[in-house]
Amino acid sequence: MSTTPKFAALIAALVLGVAAGAADAKDKVKVGFIGPLTGGVSVNGLGGRNSADLAVRLRNADPKSKYEYEMVVLDDECKPNVAVQVATKMAADKDIIAGATHYCSVTAIATVDTYHKFGFPVIVWGAVLPDITYRNKYDEVHRVNGTMINQNDANAELVSKLGYKTVAVIHDTTDYGKGHNEYFSKALAKIGQAKIVGTFGVTADQQDFTAELTKIKALNPDVIYFGGLTPIGVRIRSQMDKLGIKAAFDGTSGIVSDAYIQGLGPLAEGTLAFREGAPTEKLPGGKFFMEKYSAQKYDNPPEAYGPFAYAAMDMILDTIEKVGPDRKKVIADLANVKDRDSIVGKITFDDHGQNTVPVITKYVVQDGKFVEWDDSEYASGKRKLPGQK
Amino acid sequence: MDAGLLAQYVMNGLMLGMMYALVAVGFTLFFGVLDVIKFSHGDVLTVGAFAALASYVGLRMLGLNSNWLELVVMLVVAILAMAFLGMAIARYLVMPLRSAPALNTLLITLMLGTVLRESVRLFYPQGANPKPFPALLPRASIDLGEFNLRLDNVLMLTAGVLVIVGIQYLLNRTKLGLAIRAVAQDEETARTMGINFTAIVLVTFALGSGLAAFAGVMNGLYYNEINFGIGLYLGVVGFSAAIIGGLGSIYGAILGGFLFAGLQTIGTVMLPFASAYKDVFAFAVVIAIMAWRPTGLIREKISERV
Amino acid sequence: MAGKGHTTVWPGIAGLVIATGYLIAMLGAEKQNLIIILLAAGIVAVLAAAWLGLLEAVSASFVEHEDALAVCAIGAACAVGVVFHENHFVLLLMITVLLYSVATLGLNVQFGYAGVLNFAGASFFGIGAYTSAVLNAYTAVPHLLVLLVGGLLAAFVGSLLLLPVLRTRGHYAAVVTIAFALLFKTFLEVNDVLGGPQGLQVKGMRILGWSFNDNIEVGKISLSFYMNYFVLSLLLLVGAFVLVRRLERSWIGLNLDALRLDETAAGCFGLDIVRWKITAFLIGNFLIGIAGALFGMVGGFVAPNNYTFADSLILVSILLLGGIGNPWGLMVATIIVVVLPEKLQTIQEYRFLLYALMVIAVLLFRPEGLLPRPVRRYFPGWRP
């Protein structure tokens, strides 16, 4: 079986890693990372893990650092139940001081109570549901990336600006998809130009959407708005084509990943998507991050939220360097984050631990890449989205 | 409802039904010869689809560019590879467990399914991502009102029908088919008649697994996207289809497959509040059918040994 | 199995002590290489013991002196609890083991004794858990009573399946419960009232003002709040175990065995097949539901994804791994199935693969499970 050599290598690596660690004189401090390492969105999880790992490695390589850091990685599988389990495991381990946690909103919203119960400081690195920071006022929970409210405002604005009149909504029925549906509908209604002609909830692991799409076809909308993650986004877009639906496809931050374009090939062209924060290459530390990341030769790219995972982990390490490996002190220090420099720009936590990310990047897929809308040939009028006025 | 729309629903249902039926036929074949449920069947389908995709990528690197040639090579590679995999599974996992309770076979093949699925995810390059599957069939389409009739769908349906007819012919009109049916009916008598039992079992598993590979390629061509999880759902649905049709009957499996797809489609059209309930509806009907016809729609001819 | 010679209680005790020590070492091990060494050592030790015939002696001793050893086993569980009294996560893991054991005992009554297949174990577990989520949030029903309601509700929903389950056999019966498992999960997902795919928070248990979710301080010693649940789960398991054992040894158990082994013959001898199948199915689901209700409160969270067909299969695989019909085997298997993937967390994406390969290996080389059910003893000390 081809697994054997990999296992042997893995075990050898572990043994070596421990041996190397033992030789060092600095105090060891554990930090945590949680993300989806298996399942449909695992690329994003792996990208986030690598990015957080990068932060730890760079710190350990820095002779000025006071501690030797070890990152404990757990897999939430993008499932709320598993997330609660692993969050309990991480938070219950007193040796782990703080964690960068969750890409999926479903898992992040399910675990906030757990972190609060155990007094475990976390910085969310990818989940966008507002409720994660705003439903409760937990001192333990922070977030470096923005929420989905702003991106849906920007989304509705662009859709209206392009002169579209009718929108059909497909969203997954998790809190994540429902949240997108809610905020997008509100934003669209506020502008009052386009109206929603139908809303369809689908499960996050559905394979066949021809039935829903046939119904949508009968409604003949200008745009199909999709609130969900990459795997079903790819399926819906390709099945739209099968049924000859010509509407524009308008997604959310959940599909901003290389996997979306890989999964669709030429069909991805003209897909709209929105994300908080500037694109990696335009971030203040974007170049630095990309250089260091590629130097480590990870198997996967960092994906859209890698820089946030790096920033979250880096902030945790900074804080521990400053106040020492003590959860309570870390929480106290994170309460006063203001204009803190990071590779994703200045970070400021409000009273709910939410970083205010003013920038929303509008993306459109052009020639197999997520291109910023304003730089694209679609915006300049050289190309046209389906039905664009 | 608009006639075009209705035709679109029927087409969707037929395509789904064809895939379910192909999977269900595999279950029925295995059950026929060995009285076992091979639950890794759905994941064999996944591996078949990925084998086809890998050979496509290989051909592309060689610089071949003919759609038809590529399709033929992909099908041959996938079907042969899965046939061998099927034989290996039968030889090393299923047959050694013949004396153990039937549930053990079910569990071991289920675990094998997990191994296959996880292997695709971990060892196929970027296997965790959904993969684009090339659209190799001609993409011409005619718009008939609300109905978008596509040539590739018609071709796939035709191919599916041909394969099923072929299997039927093989089972009923050839010597090999006779041997398979003999083994299915009574292993010991078949042995005494000079039929090589092991060989027939292996051939049957090869046949069924080849069918799964075919269904996998078809699934890829239809959705233009494959991922490591496609087989799990198709496997369960195919199994249910084989059962409601009546295990051991190839007609039953086909009937079951199309029935299940029909139920799902009807569920979507008829349930006004939420199409999401379509699976709840379909499975509830499955349970009701089992209560009504405990051995499936086409009854298995069994005589209880007392 | 039971040899001619008289077996003392000592091999059983020795086995129990070694197993408990090993379990404690495994649970306490943090370093990945240590875990792997322990795992390898464990496998080698079991293989060696099997080769030397020591396992036979242990299981014979368990057959002979079950009651004494059962008390020792409770002691062993308590020992594990005492060692890890402060460690939240290990206690949670042990609670999972205890409650899964209760659930598989339920499955054992259904399949091991009556021969009724149930591939929807996780669904009935889920019914219990959702019951406690809803009742704890919206009503003032005393929480111990909630457990009972959870069990009853699971049995009630199960009774909706009675007609198809009774009419079908073998693989056909399997598909009824499989369809139910899939239906149940999809239903929870699309149904907004019960939280949809996002799931619901469950309030912790509170009995007469004693909140189970607070840490316990006794003098200078602080105990994890999970200790509350640990004790309750252990009590539940002991209760379920006694019930199942009594059932097995009674004439009901005898009837169930008869109808599993040969339904037609049992019918000819005047056994009311329908009645006993219903009894077994309902009792089984009742046990599963109670365990689920408590587990919901322990985890504090329920979601449809906890109760998928795959989770039902895990329950069935515990049954097969342990040896169908043997409650002791079930508990050993539960420990393996629950603890192992958890301990292997650090090999991350490879752990499902490894787990599946191990189950395949066990099925190939020990098809009757780790501890097969011994021959029925009609009265203590009796040997066939």
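Me: Is E303(A) buried or exposed?
Reply: This is a predicted model, in which local features need pLDDT of at least 70 and side-chain atom pairs count only at pLDDT 80 or more, while totals for chains, interfaces and linings use all residues. Residues are numbered from 1 along each chain as its sequence is written, and chains are lettered from A and ligands numbered from 1 in the order in which they are written. A residue is buried if 20 or more other C-beta atoms, placed from the backbone, lie within 10 Å of its own, exposed if 12 or fewer, and partly exposed in between. E303(A) has 25 other C-beta atoms within 10 Å, so E303(A) is buried.

Me: Where is E303(A) placed, and what is its phi?
Reply: Helices (H or I, at least four residues) and strands (E, at least two) are DSSP runs, numbered from the N terminus. E303(A) is in the loop between helix 11 (286-295) and helix 12 of chain A. Most residues other than glycine have a negative phi. E303(A) is not a glycine, yet its phi is positive, at about 65°.

Me: Is N220(A) buried, partly exposed or exposed?
Reply: N220(A) lies in the loop between helix 8 (210-219) and strand 8 (223-227) of chain A. Its phi is also positive in a residue other than glycine, near 50°. With 13 other C-beta atoms within 10 Å, N220(A) is partly exposed.

Me: What is the radius of gyration of chain A?
Reply: Chain A contains 13 helices and twelve strands, and its C-alpha trace spans about 70 × 55 × 40 Å along the principal axes. The radius of gyration is taken over C-alpha atoms, and the globule rule is 2.2 Å times the number of residues to the power 0.38. For 389 residues a compact globule would come near 21 Å, and chain A agrees with that, at 21 Å.

Me: What share of the residues in chain A is buried?
Reply: Two residues are in contact if their C-beta atoms, placed from the backbone, lie within 7 Å. Among contacts in chain A between residues at least 6 apart in sequence, 72% join residues at least 24 apart. Of the 389 residues in chain A, the buried share is 60%.

Me: Which residue stands opposite K30(A)?
Reply: Strand 1 (residues 27-35) of chain A pairs with strand 2 of chain A in the parallel sense, over nine bridges. In strand 2 of chain A, the residue opposite K30(A) is E70(A).

Me: Which residue is the bridge partner of L272(A)?
Reply: L272(A) belongs to strand 10 of chain A, where L272(A), F274(A) and E276(A) on one side and A273(A) and R275(A) on the other are all buried. Strand 10 (residues 272-276) of chain A runs antiparallel to strand 11 (residues 360-366) of chain A, joined by five bridges. The partner of L272(A) in strand 11 of chain A is V364(A).

Me: Which element gives the most to the side of chain B that touches chain C?
Reply: This contact takes 37 residues from chain B and 33 residues from chain C. The elements of chain B that give two or more residues are helix 4 (102-123), helix 9 (230-245) and helix 11 (278-292). With twelve residues, the one that gives the most is helix 4 of chain B.

Me: Which element of chain C has the lowest mean pLDDT?
Reply: pLDDT is the predictor's confidence in each residue, from 0 to 100. The mean for chain C is 82, and 94% of its residues reach 70 or more. Among its elements, helix 6 (residues 121-138) of chain C has the highest mean (92), and the lowest (71) belongs to strand 4 (residues 216-218) of chain C.

Definitions and conventions
Pairing = 2+ DSSP bridges.
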